[in-house]
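Here is a short briefing on a structure, arranged by topic. Look at the picture first, then read the points beside it.

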Amino acid sequence: MTDSVKISVPPPELLAKKRITREGLLPWITTPVLVFAMVVVWHVYVKTTGISAFILPAPSTVWTEWLAMLDSPRAWRHTYFTIYATLVGFFWAIVIGVGLGVMIARIRWLEQTLNPFIVATQVVPKVALVPLFVVWFGFGITSKVIVAAVLAFFPILTNTVLGVKSIDEGHRDVMTSLNATRWQIFKRLELPSALPYILTGLEVGIVLAIIGAIVGEYLGGNTGLGALLIARMNAYETDQMFAVLIHMSLLGFAFYFAIGALRRVLIPWHQSASH
Amino acid sequence: MSSAAATSTDPHPAIGLKAIEKWYGTRDTPVHALAPTDLAVPEGQFLVLLGPSGCGKTTLLRMIGGLIEPTSGELSIEGKNLWRGGDRQSEALSELGMVFQEANLFPWLTIEQNIALPLELKGVDKDKRLARARELCKLVGIAGFEKRWPKELSGGMRQRAAIARALSYDPHILLMDEPFGALDAMTRDAMNLELQRIWMETKKTVVLVTHSIGEAVFLADRIVLLSPRPGRIDSIIDVPFPRARGTEVQTSAEFQAIVRRLRVRLAEIS
Ligand SMILES: Nc1ncnc2c1ncn2[C@@H]1O[C@H](COP(=O)(O)OP(=O)(O)OP(=O)(O)O)[C@@H](O)[C@H]1O
Ligand SMILES: [Mg+2]
């Protein structure tokens, strides 16, 4: 019998430290190609129609304006302002969203009491409240932080509640039979178990936080990328408007990918973290 | 086959039940899951709870494990009351280790971290508890998998890890609810041999719930047969085979006779 047993080795692609699968590789090729194609179409459109630069500037002009922005300390001051408002608002959204979410998921009467209000505030178009926040909290950074926090709060809250409620009963039994304290149950079971859900909430939340900060800047004060965009609009500098838009989008991407990276660091055991 | 009188003369049994009863409240009529039951499990005994589905085996085991409170009666672990005024007593609980039908390992912890979890909750420092986890991996036969995630192990290996976790803080009593119920027959036989070896090495008192007559007779010093509606002790059977039992014991006429007797009785009470 032993004669027929060949010494077998694992296929070499399984041995590589970091395996790159074909599906994992695909977006790294398609994304640049598609972006390049879009820019080409844009360029050709502008050249052939001779459309006014006030309406649609050529991609090359926008690119030059964006590079100029990167060189301007003033533009960076606006950028930092927006980043700061976004992150501080996001921070409070996490603290309140996760904290309240865990309590709501655990305490029946609290959930029943708060649920109508949570639904109500979900349904109210929150962006419509921005002028009110400006009236209450002024033209400074506070109103932007609050708008960012209010927008980011809901997805974080609802995902946290879902996460804590989805905890495996068998896992709870383990902690109960080990006589774990409430704090230990929170730290060693509820938090790690709900973390994949919370991170999904954070992914949605960070995008809403930056939207909140920018919308807040549209309406109040003269600092931040939102305010910068409005100023460029009022000056009919469409090319610079586009540059600011690109700047904002890149900021959004950076935040979103930061959360993705956080996912790989915090929950390497979860399938959502393996690419 | 002895009568249903289950209390032994042992004054300090590892587990003592006096008139333990359980009613479940449901939306309509309450369910009488367990009629008042007396039972004493002497130290070091391997006791098996056997009975048809719904006869209250899980209920009884979870009451002993402190996961659900008895409706009435007195439950003592090594002479210490488990429940006092609706609160579980931690001195009694720390003598109990539980293994469930599902391994219930935490997917965010590696195997060794899972096994070390009870010690972590008790505040044992990291080096000490991980050393203990590695030692236990050897005992249950999963050495080499300490740093893996639970999802990277087979069902049988996960159940071994769950047993190691229950043994980590060296409780005197091991409670197991169909620990191998989710495994195939071949793995199950192997696990039963392993469990017997672990039990003989660690000298624990074991209460194991099972559906399998063969498993019960192979493993048990004593089998408690439960009958349903309401759950109660039907009879108690002592299993005389010497240890360590090998697979060959299962083919002996005496083994087959006990199996047959249990099968007939189970058919009568189901
Ligand atoms: N949480 C509960 N609420 C209401 N009734 C319950 C509950 N748990 C168990 N029961 C009832 O109590 C009885 C005993 O259940 P138990 O789970 O202890 O049986 P079992 O012997 O473990 O069965 P099985 O072999 O199928 O696991 C059953 O009639 C069941 O319907
Ligand atoms: Mg059961």
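A crossing of two helices is left-handed if the near helix is turned anticlockwise from the far one by less than a right angle, and right-handed if clockwise. Helices (H or I, at least four residues) and strands (E, at least two) are DSSP runs, numbered from the N terminus. This is a predicted model, in which local features need pLDDT of at least 70 and side-chain atom pairs count only at pLDDT 80 or more, while totals for chains, interfaces and linings use all residues. Residues are numbered from 1 along each chain as its sequence is written, and chains are lettered from A and ligands numbered from 1 in the order in which they are written.

- Two packed helices are described by the angle between their axes and the distance between the axes.
- Axes are lines fitted to C-alpha atoms, for helices over the stretch in contact, and angles run from 0 to 180 degrees between N-to-C directions.
- α9(A) packs against helix α11 (residues 238-266) of chain A at an angle of about 165 degrees, and their axes are 10 Å apart.
- α9(A) and α11(A) are therefore roughly antiparallel to each other (angles under 35 degrees count as roughly parallel, over 145 as roughly antiparallel, 65 to 115 as roughly perpendicular and the rest as oblique).
- The crossing in which α9(A) passes α11(A) is right-handed.
- The residues that make this contact include Leu195(A) and Ile214(A) of α9(A), and Met248(A) and Leu266(A) of α11(A) (two residues are in contact if their C-beta atoms, placed from the backbone, lie within 7 Å).
- By class, the contact of α9(A) with α11(A) has 14 nonpolar, 1 polar and 2 charged residues (Ala, Val, Leu, Ile, Met, Phe, Trp, Tyr, Cys and Pro count as nonpolar, Asp, Glu, Lys and Arg as charged, and the others, Gly among them, as polar).
- Helix α10 (residues 225-234) of chain A also packs with α11(A), at an angle of about 165 degrees and with axes 9 Å apart.
- That makes α10(A) roughly antiparallel to α11(A).
- α10(A) and α11(A) have a left-handed crossing.
- Among the residues of this contact are Leu225(A) of α10(A) and Met248(A) of α11(A).

**Domains of chain A**

- Chain A is assigned domain 1 (9-51) and domain 2 (58-273), with bounds that come from an automatic or database domain assignment.
- The centres of these two domains of chain A, taken over C-alpha atoms, are separated by 29 Å.

**Contact between the chains**

- Chain A puts 13 residues into the contact, and chain B puts in 17 residues.
- On the side of chain A that touches chain B, α8 (169-177) and α9 (182-219) of chain A each give two or more residues.
- α8(A) gives the most to that side, with 6 residues.

**Around ligand 1**

- Ligand 1 is surrounded by 14 residues, and the closest are Tyr24(B), Ala33(B), Ser53(B), Thr58(B) and Thr59(B) (a residue is near a molecule or strand if its C-beta atom, placed from the backbone, lies within 6 Å of it).
- α1(B) gives the most to this shell, with 3 residues.
- The shell divides into 4 nonpolar, 9 polar and 1 charged residues.

**Backbone of chain B**

- Most residues other than glycine have a negative phi, and most peptide bonds are trans.
- Arg229(B) and Pro230(B) are joined by a cis peptide bond, with omega about -15 degrees.
- Asn104(B) is not a glycine, yet has a positive phi of about 55 degrees.
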